[in-house]
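User: I would like to learn how to read helices and loops in a protein model. Where should I begin?

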Amino acid sequence: MKIHPLITTSEALADLCERLSKADFVCVDTEFMRENTYWPELCLIQIADSEEAAAIDPLAKGLDMTPLMNLLVDNEDVLKIFHAGGQDVEIIYNITGKTPHPIFDTQIAMMAVSQSEQIGYSNLVESWLGLQIDKGARFTDWSRRPLTERQIEYAIGDVTHLAKIFPKLLQRLITTGRGVWLNIEMEKLADPAGYRNDPDLSWHRIKAAGRNPAMLGRLKALAHWRELEAQDKNIPRGRIARDETVADIASHPPKTQADLAKVRGLSAAWKDNEIGRRMIAALDNAKPLPDDELPARTPRGAPLGKEGALVADLLKLLLKIRSREIDVASRLLARSEDLELLAAGVRELSMLQGWRFDVFGKDALDLVEGKMAFAVVNGKLKMTHVDDVAEDEAAAE
């Protein structure tokens with residue numbers, strides 16, 4: 001594979017993107033800094049197909065990134081390969097307002113061919129290529145210039161290895177027939193809605209007990225205010241106020257600005273400064289959350305009553321057994337919270353639809369309805385239908 005020198009000019013980038021636009025796939029990775037900012041600062045982009053690879057310096061003076069962004073978000077003929085690509089996609093969305101498409105994430109794909117829930121990149125490379133990655137440049141300040149040869153070599157390795165792994169992984173998916181399982185997961189990763197920093201929706205990130213409309217209205221107003229403050233100052237939202245502090249103020253709102261000095265997690269200076277005034281104004285203008293915005297009630301106990309938790313535990317055991325039997329990550333089949341909802345009587349769940357129903361959901365439903373049992377066969381825990389057990393007992397007699 002040809003490795004290009006660090007790309008710092010618009011001409012070199014345009015030439016590279018012209019060639020890559022004819023490839024079947026490109027592997028993409030980014031290096032960024034976000035510890036001290038609201039918006040992640042893009043410091044390096046690595047890209048490769050099966051024949052060539054390059055690192056691109058987005059901080060280079062005068063560099064026109066348009067050809068690269070067009071390749072990533074507008075070219076539907078080229079598949080974009082990432083590993084654990086959520087943050088990479090977020091950065092591209094922040095720049096373009098679009099997400100890469102079509103998209104393929106090797107971390108998600110590994111869930112369909114192994115029991116790996118969230119395999120790291122170094123483990124992925126070791127398992128597929130038998131190589132160990134030098135992690136010496138992993139925790140580096142990618143915003144500092146000039147970049148060293150070691151940094152660039154480390155960064156490009158993230159896409160050159162991926163370009164060799166992807167065809168092997170794709171063949172495994174084709175052989176097992178599980179590629180279709182991933183379609184919905186990949187579309188979720190590419191959904192622009194998952195990357196919009198909408199201040200009106202930011203309250204959903206904060207854990208708050210109860211469905212009190214007045215409290216949730218204050219929570220929404222405070223989260224909206226905090227998001228705008230963080231965006232304006234380009235600092236992490238937690239530097240304005242932590243989630244726990246926002247939730248506590250929404251539940252127990254101060255009566256005056258002076259009372260902010262008593263709030264744990266806030267500076268005493270907020271009792272008479274401008275940011276404190278803006279927070280109090282947000283609280284004063286808060287309105288109770290409308291009924292159509294209230295979080296849905298979570299069914300608890302019905303129709304299984306106090307036995308619901310035990311049934312949920314059995315479902316989780318069933319999930320472990322099934323994921324081991326078919327060698328797939330349990331998280332791809334069902335989430336723990338969905339198993340608890342199933343035990344509580346809910347039936348509108350993703351595990352009861354499509355391929356998930358065929359490979360797991362049907363048995364899970366049978367267990368809840370008393371049609372499934374557990375047995376130990378040759379020292380291994382198995383699941384079996386109650387009717388099969390009855391037939392075996394009858395045959396034994």
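Analyst: Begin with the labels: helices (H or I, at least four residues) and strands (E, at least two) are DSSP runs, numbered from the N terminus. Asn234, for example, is found in the loop between α8 and α9 (237–240). Keep in mind that this is a predicted model.

User: What is the phi of Asn234, and is it positive or negative?

Analyst: Asn234 is not a glycine, yet its phi is positive, at about 50°. This residue comes just after α8.

User: How do I check the span of α8 against its number of residues?

Analyst: Count 1.5 Å a residue, using one less than the number of residues. The 21 residues of α8 should therefore span 30 Å, and the end C-alpha atoms of α8 are 30 Å apart, which agrees.

User: Which side-chain oxygen reaches a backbone nitrogen at the start of α8?

Analyst: One from Asn212, which comes to within 3.0 Å of the backbone nitrogen of Ala214.

User: How are two packed helices described?

Analyst: By the angle between their axes and the distance between the axes. Here, helix α8 (residues 213–233) packs with helix α10 (residues 243–251) at an angle of about 140°, and their axes are 8 Å apart. Angles over 145 degrees count as roughly antiparallel, so α8 is oblique to α10. The crossing of α8 past α10 is right-handed.

User: Which residues make that contact?

Analyst: On α8 they include Met215, Leu219 and Leu222, and on α10 they include Val246, Ala247 and Ile249. The residues of the contact of α8 with α10 comprise 8 nonpolar, 1 polar and 3 charged.

User: At what angle do α12 and α14 cross?

Analyst: Helix α12 (residues 308–326) and helix α14 (residues 336–343) cross at roughly 130°, and their axes come within 8 Å. That angle makes α12 oblique to α14. Again the crossing is right-handed, with α12 passing α14. Among the residues in contact are Val311, Leu315 and Lys316 of α12, with Leu339 and Glu340 of α14. By type, the contact of α12 with α14 has 7 nonpolar, 2 polar and 2 charged residues.

User: Back to loops. Which residues does a cis peptide bond join?

Analyst: Pro102 sits in the loop between α3 (86–96) and β6 (103–105). Another joins Arg145 and Pro146, with omega about 5°. Pro146 is placed in the loop between α5 (121–129) and α6 (149–176).

Key: Residues are numbered from 1 along each chain as its sequence is written. This is a predicted model: local features need pLDDT of at least 70, side-chain atom pairs count only at pLDDT 80 or more; totals for chains, interfaces and linings use all residues. Side-chain values use heavy atoms; hydrogens and water are left out. Axes are lines fitted to C-alpha atoms, for helices over the stretch in contact, and angles run from 0 to 180 degrees between N-to-C directions. Angles under 35 degrees count as roughly parallel, over 145 as roughly antiparallel, 65 to 115 as roughly perpendicular and the rest as oblique. A crossing is left-handed if the near helix is turned anticlockwise from the far one by less than a right angle, and right-handed if clockwise. Contact means heavy atoms within 4.5 Å. Ala, Val, Leu, Ile, Met, Phe, Trp, Tyr, Cys and Pro count as nonpolar, Asp, Glu, Lys and Arg as charged, and the others, Gly among them, as polar. A polar contact is a pair of N or O atoms within 3.5 Å; within protein, one must be able to donate a hydrogen and the other to accept it, and residues adjacent in sequence count only if both atoms are side-chain atoms.
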